[in-house]
Structure formats: structure tokens, C-alpha cells
Amino acid sequence: MSAATPASGARGWVLITGASRGIGRAAALALAGAGYPVILWARTAADLDEVAKTIEQRWGTPVRTAVVDVADPERVDEAAAASLEGVESLRGAVVNAGGGIWSPLEEMSTDDWRQVLGPNLDGAFHTLRTALPYLRRRPGSQIVGLASDSSYNSFAGRGAYCASKAGFLSLLETARREVREDGVRVTALVPSRVDTYFRGKQPGSRPEALTMAEAGEMVASVFALPPRIEVREIQFSSLTSSFGMFPEVCATEPTDV
């Protein structure tokens, strides 16, 4: 675990889970670039260190890290005790950590089922339970949850993933109802395919999909809203990629106009 200067900065700390790669890393860079000090949680120390060094070298924004599997409540408690030391409140939390295993239900092992629901749903619960007291202390604070088009559309072979993402949306809505009186905003981001490391893929393998940077900028755009505005959900997709159950795509690569 590591920590930079304890001063939180005018914008306030933002906790980001799954921050070592993919959308989480992109969100960390986008928010740090906008001046938010960030607390980064992920399972891989080397990747976390790389993100922290990149932030420090580019912007000098305060950054703290903790190596943690959010599916494990004891590790979450340990990470919170270390990385949130001296932090009175959070400006936001980006609940992003997760993964997926594709398998027909009758062939899916119990271990594989738990490997998906552990970070995607249990981990979201552990993160929210930890972050909510800090968020309540700062009216206008923001929760962003990374859902999926699989939250709404069930696909064959994706039972565990779709169930976890549907449950995650419900969990976010419960959080909204419990903390809205304290001025905590909750936004579900529902992207379609993102060209990332998901399920062992490498960036560049799906050039028609959203980029990681584009997804990260969507996260940052929510934090840029005036504090009275709550956007409850954003569904977004690349024009050149299908979305959920809808196959229509743009035939040519869009350009700036």
C-alpha cells in the first residue's frame, strides 16, 4: 500500500476499484487529470504502481493505492484502514471492479459462478458499505457504478455475468434510495462492448468497440456535473458496435464535424 501527501485537495478524494487496468485505469487517469486526488484499489500491485507513477508524473495529483480483492470483506477492511487513513470524506466512488466467465449454466462450476459474482456483486456491496459513510459527509458526492448492457439483456452462456450485473443495478438503486437525502448522487454507466482486457482479450482486438479512454471520459463527465444534478443512468455505445440485443451499426467510421 502507498500514499502520497495526505492533503486531499480542493476537489476531494475519489475511490476507484479495479483501477489497475481497463476502464478503471482510464477513469483514474481522467479524474486525476481533472484534478481529483484518487484512491486506487486493485488486485495487482505492479499495475497499480504503474498507474500511480503515471498520475504523479503527468499531473502531480495526490494518489493512494491499496492491493485488495474486493470480493474478500476482510481485505476490503484492511485496504480501507490503510488507504483512507486521515480522509474525512469522499468526493466520489467509482465501483468498477469485476470480471466475467462465459459458460452454459449446466456446465458452469460453482467455483466459476463464485469467481464472477464475487467481485461483480459481493465486491460492489463491500465497496459501497465501506464508502457510504465517507460519501454521506460530503453533500454532492458521487457514486458511479460500471454496469453493462448485460444488466438488461440476458445472453446464452453468460448466466453468472448477466445475473451479477442485473443485481448490481438493483444494488445501486437501493444505495440511491438510502443516501439521496444526504445529497449523495448515484449514476449507473451502462456501456456496450469496450476494447479492453475483459476475459483475457487485449486492447486492439475489438477496434469497433468503445475505447478504454472513452469509457474513462464518460466517468469523468459525470463528476464534472453541477452538484445539484443527478444523472441516474447513461447507456452508451460506439456507433460502430452493436449494443445489447440491437445489431444496427454505422457502416463507416464517424469523424469530427
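A contact is counted here when heavy atoms lie within 4.5 Å. By that criterion, among contacts in the protein chain between residues at least 6 apart in sequence, 69% join residues at least 24 apart. The structure is a predicted model, in which local features need pLDDT of at least 70 and side-chain atom pairs count only at pLDDT 80 or more, whereas totals for chains, interfaces and linings use all residues. Residues are numbered from 1 along each chain as its sequence is written, and side-chain values use heavy atoms, with hydrogens and water left out.

The protein chain contains 6 helices and 10 strands, where helices (H or I, at least four residues) and strands (E, at least two) are DSSP runs numbered from the N terminus. With a radius of gyration of 18 Å, close to the 18 Å that the globule rule gives for 257 residues, the chain is as compact as a globular protein of that length; the radius is taken over C-alpha atoms, and the rule is 2.2 Å times the number of residues to the power 0.38. Along the principal axes, the C-alpha atoms fill a box of roughly 50 × 50 × 40 Å.

Of the 257 residues, 49% count as buried, a term that denotes under 20% relative accessible area, with exposed meaning over 50% and partly exposed the range in between (1.4 Å probe, protein chains only). The protein chain exposes about 12,300 Å², of which carbon and sulfur atoms supply 50%; accessible areas come from the Shrake-Rupley method with a 1.4 Å probe, and for residues only the protein chains shown count as cover. Trp-41, which is placed in strand β3 (residues 38–42), is buried, with a relative accessible area of 0%. Trp-41 and Gly-99 are 58 residues apart in sequence, and their C-alpha atoms are 15 Å apart in space. Asp-49, by contrast, lies in helix α2 (residues 45–58) and is partly exposed at 36% relative accessible area. The C-alpha atoms of Asp-49 and Arg-64, which are 15 residues apart along the chain, are separated by 9.7 Å.

The protein chain carries 26 positive and 30 negative side chains, and the centres of the two sets lie 4 Å apart; Lys and Arg count as positive and Asp and Glu as negative, while His and the chain ends are not counted. The place of each charge is taken as NZ of Lys, CZ of Arg, CG of Asp or CD of Glu. Side chains of opposite charge can pair when their charged atoms come close. With a salt bridge defined as a side-chain nitrogen of Lys or Arg within 4 Å of a carboxyl oxygen of Asp or Glu, the count comes to 10 salt bridges.

One of these salt bridges joins Asp-72 to Arg-75, with the closest N and O atoms 3.4 Å apart; Asp-72 is partly exposed at 24% relative accessibility, and Arg-75 is likewise partly exposed at 31%. A network of salt bridges links Glu-173, Arg-176, Arg-177, Arg-180, Glu-230 and Arg-232. Within helix α5 (residues 159–179), Arg-176 and Glu-173 are 3 residues apart and thus separated by about one helical turn, and their closest N and O atoms are 3.0 Å apart. Arg-176 is buried at 6% relative accessibility, whereas Glu-173 is partly exposed at 31%. The side chains of Arg-180 and Glu-230 also meet in a salt bridge (2.9 Å, N to O). Arg-180 lies in the loop between α5 and β7 (185–191) and Glu-230 in the loop between α6 (212–223) and β10 (233–236), so the pair ties together parts that are 50 residues apart in sequence. Arg-180 is partly exposed at 45% relative accessible area, whereas Glu-230 is buried at 16%.
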